[in-house]
Amino acid sequence: MSAASRTTLLAAGAVVTALALSACTSGGTSGGGGDTNFVTGNDGIATAKQGERAEAPVLDGETLDGKPLSTADYKGKVLVVNVWGSWCGPCRIEAKHFAKVYNDVKAQGVEFVGINTRDTSTIPALAFEKEWGITYPSLYDPDGKLMLRFKKGTLNPQLVPSTIVIDRDGRIAARALQELSAEKLLGMIKPVIAEKN
């Protein structure tokens, strides 16, 4: 194989890898290792024990309807953060589950905040929320900058969709890098609701 052929092959491989990492996906897991203090179960959900959790960054900006929002205002509550896009097939599949679970758990001191990413306008995102009955707010983050606030080596969102559960102390308790059913979503939230501070 010539040097030019190898270079072309390597470049093509890099493009495929970049597309795979940035594409909307219905699967994927990232396990803990080294000193990350988290473990990924066989359900694809990674968790960190209370007392070994990384602090979640403050996520703030404007919501899809132009209102200011900061996750700092949710301290003392369990917070579910879902990264989604109206263009994302798995996001469409899980949206009805998020709408249902939110309505089921909000009376227990649980809040939901979406991060809408890579939509070039709020119009399709607002239509998505209306179609699936999403009533909790979503930050509009077309460039994905909010995802970069999570430190590497923590339970950070890496794909779309990603879901993060933040405990009452503002620390990251669980993460899923896949589409979630209502049962899996509740399975992430319930242990954190049950925790005593």
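Buried residues are those with under 20% relative accessible area, exposed ones have over 50%, and partly exposed ones lie in between (1.4 Å probe, protein chains only). By this definition Phe 112 is buried, at a relative accessible area of 1%. The model is predicted: local features need pLDDT of at least 70, side-chain atom pairs count only at pLDDT 80 or more, and totals for chains, interfaces and linings use all residues. Residues are numbered from 1 along each chain as its sequence is written, and side-chain values use heavy atoms, with hydrogens and water left out.

Val 101 lies in helix 2 and is buried, with a relative accessible area of 1%. Its contacts (heavy atoms within 4.5 Å) include Phe 112, Ala 182 and Leu 185. The C-alpha atoms of Val 101 and Ala 182 are separated by 6.4 Å, although the two are 81 residues apart along the chain.

Five aromatic pairs were found in the whole structure. Rings of Phe, Tyr and Trp (its six-membered ring) pair if their centres lie within 6.5 Å; planes under 30 degrees apart count as stacked, over 60 as edge-to-face and the rest as tilted. Trp 84 and Phe 128 are stacked, at 4.5 Å centre to centre and 20 degrees between the planes.

Terms used
Helix = DSSP H or I, 4+ residues; strand = E, 2+ residues; numbered from the N terminus. Lists of a residue's contacts leave out its neighbours within four places in sequence.
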